[in-house]
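Hi,

Here is the structure I promised to pass on. Have a look at it first, and then read on for what turned up when I went through it.

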Amino acid sequence: MGRAGPNRVGLRDEDESNDSFKEDIIKQDNGCSFSRIAPIQAILFDIDGTLCDSDPLHYFAFREMLQEIGFNGGVPITEDFFIEKISGKHNEDIGAILFPDWDHQKAMQFMDDKEAMFRRLVSKQLKPVDGLSKLCKWIEDRGIKRAAVTNAPRANAELMISILGLTDFFELLIIGGECERAKPYPDPYLKALKGLQASAEHSFVFEDSVSGIKAGVAAGMPVIGLTTQNPEHLLMEANPTILIKDFNDPKLWMALEEQDEVAVGGTSKI
């Protein structure tokens, strides 16, 4: 299946990468600078596009099913349309965007059918984002609390976490649709912090979508954005602390090493 060609954060030479990372942190003005959160109490993860690059499967399912019902005159939706109108949003909102003239029950039935198709695809094709196992080990070794926070339906979330082998890794799973408000509102992340008994001042978020980054920032936490699917310029509008390509990105590990230094009594270099 084809993929859009989002602008991605490339790997540069070490000196340039170091300088760029420091500039990214220094320029933050949202009160959520990554350098000030040590010691880390909790790390919160989105699922779709963050733990796994599942957006291509969502796109395929939407494209096929919308074409079947003659949406857009039977012309397949583009990946740009998917990124703008669908990616990262809650199903209630997607249904209203795609089918403004349909009654709610009919729109939600379509969404349920689409999610069933997605789960069939996921069971055969889901893969973790590069570097995920390394990051999970780093978190476990330090005893940091962790939760998965998603706008996906619970059945999708539990299936993806299981396939990725992370059922025992996460202490908590928060579903946006089970909160008073889903992302881009902060409610799911605030609920996760409460459940983990962690403070926003000592926690941060991994996200890949505009709505997810907005939710994390609104909850008062630094957000590390992943450019797995969505264009970098769109993600930056949501004010993430830094953007990374995947969990092997040197910028991420520079930030985590900085946290280790501060945690053992060192002085921040930033």
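**Cavities**

Searching the whole structure turns up two cavities of 30 Å³ or more. A cavity here is a set of points, on a 1 Å grid over the protein atoms alone, where a 1.4 Å probe fits but cannot get out; lining residues have an atom within 4 Å of a point. Grid points are joined across faces, edges and corners, and a volume is the space filled by probe spheres set on the points.

Before you go further, please note that this is a predicted model: local features need pLDDT of at least 70 and side-chain atom pairs count only at pLDDT 80 or more, while totals for chains, interfaces and linings use all residues. Residues are numbered from 1 along each chain as its sequence is written, and side-chain values use heavy atoms, with hydrogens and water left out.

Back to the largest cavity: its volume is about 240 Å³. What lines it? There are 25 lining residues, and Asp48, His58, Ser87, Gly88 and Lys89 lie nearest the centre. Helix H2 (55-68), H4, H5 and helix H9 (210-218) each give two or more residues to this lining, with H2 supplying the largest share, three residues.

**The chain and its sheet**

The protein chain has 11 helices and six strands. Of its 270 residues, 53% count as buried, meaning under 20% relative accessible area with a 1.4 Å probe and protein chains only (exposed is over 50%, partly exposed in between). Among contacts in the chain with a separation of 6 or more, 70% are between residues 24 or more positions apart; contact means heavy atoms within 4.5 Å.

The six strands make an open sheet with parallel pairing, in the order E3-E2-E1-E4-E5-E6. Why does one side of E3 and of E6 lack a neighbour in the sheet? Strand E3 (172-175) and strand E6 (242-244) stand at the edges, and each has a single partner strand. From one strand to the next, the twist averages 25 degrees. Two strands pair if DSSP finds at least two bridges between them. As a reminder, strands of a sheet pair through backbone hydrogen bonds, either parallel or antiparallel.

Strand E1 (residues 42-45) pairs with E2 over four bridges, in the parallel sense; here Ile43 stands opposite Arg146, and Leu44 has Ala147 as its bridge partner. Four bridges also join E2 to E3, again parallel, with Val149 opposite Ile174.

**Helices against the sheet**

Helix H6 (residues 132-141) lies across E1, E2 and strand E4 (203-207), running at about 150 degrees to E1. Helix H11 (residues 250-263) lies across E4, strand E5 (223-226) and E6, at about 130 degrees to E6. Axes are lines fitted to C-alpha atoms, for helices over the stretch in contact, and angles run from 0 to 180 degrees between N-to-C directions.

In helix H8 (residues 187-196), the buried residues include Ala192, Leu193 and Leu196. The buried residues of H8 pack against E1, E2, E3, E4 and H9. Just after H8, Gln197 has a positive phi of about 55 degrees.

Ala147 sits in strand E2 (residues 145-150), where five of the six residues are buried. Ala147 counts as buried because its relative accessibility is 0%. Beyond its neighbours within four places in sequence, Ala147 contacts Ile43, Leu44, Phe45, Phe170, Leu172, Ala192 and Leu196.

Not counting residues up to four places away in sequence, Phe99 touches Leu66, Ile69, Phe71, Ala107 and Phe110. The C-alpha atoms of Phe99 and Phe110 are separated by 9.9 Å, with the two residues 11 apart along the chain.

Cheers

Methods: 1 Å grid on protein atoms, 1.4 Å probe; cavity = no way out; pocket = protein on both sides within 12 Å on 5 of 7 lines; lining within 4 Å.
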